[in-house]
Amino acid sequence: MAQHDQLHRYLFEQFAVRGELVTVSETWKQILENHNYPLPVKTLLGELLVATSLLTATLNLPVISPCSCRVTGR
C-alpha cells in the first residue's frame with residue numbers, strides 16, 4: 001500500500017487539546033532517491049521536512065516556505 005503525504009488536524013474539545021499529524025512519505029522518498037546523504041544528514045532533513053510542513057500548515061499562508069541550513073566544519 002502506497003503511503004502519500006498527508007496532514008491531519010485533530011481536536012479534543014473537552015480537553016482543550018488540538019494538534020496535527022503529518023506524513024511525508026512520498027516527498028521524503030523522492031529526496032532520498034536523488035542523493036546519498038549520510039545518516040545524520042538524512043535525520044536532520046527529515047526533521048526539517050516535518051517541521052516545515054507543520055509550520056506552514058499552522059501559519060496557513062498561501063506561500064512557499066523556504067528552509068535552508070548551513071553547516072560548517074570538516
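Q: Which handedness does the crossing of H1 and H2 have?
A: Welcome to a predicted model, where local features need pLDDT of at least 70, side-chain atom pairs count only at pLDDT 80 or more, and totals for chains, interfaces and linings use all residues. Residues are numbered from 1 along each chain as its sequence is written, and side-chain values use heavy atoms, with hydrogens and water left out. A crossing is called left-handed if the near helix is turned anticlockwise from the far one by less than a right angle, and right-handed if clockwise. By this rule, the crossing of H1 and H2 is right-handed.

Q: In what order do the elements of the chain run from the N terminus on?
A: Helices (H or I, at least four residues) and strands (E, at least two) are DSSP runs, numbered from the N terminus. The chain has two helices and two strands. From the N terminus on, their order is β-β-α-α.

Q: At roughly what angle do the axes of helix H1 and helix H2 cross?
A: Two packed helices are described by the angle between their axes and the distance between the axes. Axes are lines fitted to C-alpha atoms, for helices over the stretch in contact, and angles run from 0 to 180 degrees between N-to-C directions. Helix H1 covers residues 25-34 and helix H2 residues 39-59; their axes come within 11 Å and cross at roughly 145°.

Q: How many nonpolar, polar and charged residues make the contact of H1 with H2?
A: Contact means heavy atoms within 4.5 Å. H1 brings Thr 27, Trp 28, Ile 31 and Leu 32, while H2 brings Lys 42, Leu 45, Gly 46 and Leu 49. Ala, Val, Leu, Ile, Met, Phe, Trp, Tyr, Cys and Pro count as nonpolar, Asp, Glu, Lys and Arg as charged, and the others, Gly among them, as polar. The contact therefore has, by class, five nonpolar, two polar and one charged residues.

Q: Is Leu 49 buried or exposed?
A: Leu 49 lies in helix H2 and touches Val 24, Thr 27, Trp 28 and Ile 31, not counting residues up to four places away in sequence. Buried means under 20% relative accessible area, exposed over 50%, and partly exposed in between (1.4 Å probe, protein chains only). With a relative accessibility of 17%, Leu 49 counts as buried.

Q: What kind of aromatic pair do Tyr 10 and Phe 12 form?
A: Rings of Phe, Tyr and Trp (its six-membered ring) pair if their centres lie within 6.5 Å; planes under 30 degrees apart count as stacked, over 60 as edge-to-face and the rest as tilted. A search of the whole structure finds one such pair. Tyr 10 is partly exposed at 38%, and Phe 12 is partly exposed at 41%. Their ring centres are 5.8 Å apart and the planes stand at 55°, so the pair is tilted.
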